[in-house]
Amino acid sequence: MKALRGQRGWSQQDLAERLAVSRQTVNAVENGRYDPSLPLAFAIARAFGLPIEAIFHDGDAAAAG
């Protein structure tokens, strides 16, 4: 997720605002300290314009970042 965010030139705060969550939540997801809820995971996928499987797989929240 961090790599995808970086490719778009978004800060953690930018992504947090797009997702209506805190920057700390984005940081925790990126660092594997928090597994997002299913609605949040789908919101993340929508924000990046990718299928959810392209970001998360095998229960690994850090799969793409």
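**Figure 1. Arg18 and Arg8 over the ring of Trp10.** In this predicted model, Arg18 lies over the face of Trp10, 3.9 Å from the ring centre. Arg8 also lies over the face of Trp10, at 5.9 Å from the ring centre. A charge is taken to sit over a ring if NZ of Lys or CZ of Arg is within 6 Å of the ring centre and within 35 degrees of the ring normal. Residues are numbered from 1 along each chain as its sequence is written, and side-chain values use heavy atoms, with hydrogens and water left out. Local features need pLDDT of at least 70 and side-chain atom pairs count only at pLDDT 80 or more, whereas totals for chains, interfaces and linings use all residues.

**Figure 2. The aromatic pair of Trp10 and Phe48.** The structure holds one aromatic pair. The ring centres of Trp10 and Phe48 are 5.4 Å apart and the planes stand at 20°, so the pair is stacked. Rings of Phe, Tyr and Trp (its six-membered ring) pair if their centres lie within 6.5 Å; planes under 30 degrees apart count as stacked, over 60 as edge-to-face and the rest as tilted. Trp10 belongs to the loop between H1 and H2 and Phe48 to helix H4, so that distant parts of the chain, 38 residues apart, are linked. Helices (H or I, at least four residues) are DSSP runs, numbered from the N terminus. Both Trp10 and Phe48 are buried, that is, under 20% relative accessible area (1.4 Å probe, protein chains only), where over 50% is exposed and the range in between partly exposed.

Figure 3. Gln12 is buried, with a relative accessible area of 14%. Its side chain makes polar contacts with the side chain of Arg23 (3.0 Å) and with that of Asn27 (3.5 Å). A polar contact is a pair of N or O atoms within 3.5 Å; within protein, one must be able to donate a hydrogen and the other to accept it, and residues adjacent in sequence count only if both atoms are side-chain atoms.

**Figure 4. The buried residues of helix H3 (23-30)**. Val26, Asn27, Ala28, Val29 and Glu30 are the buried residues of H3. They pack against helix H1 (2-7) and H2, contact meaning heavy atoms within 4.5 Å. After H3 comes Gly32, whose phi is positive, near 75°.

Terms used:
Helices (H or I, at least four residues) and strands (E, at least two) are DSSP runs, numbered from the N terminus.
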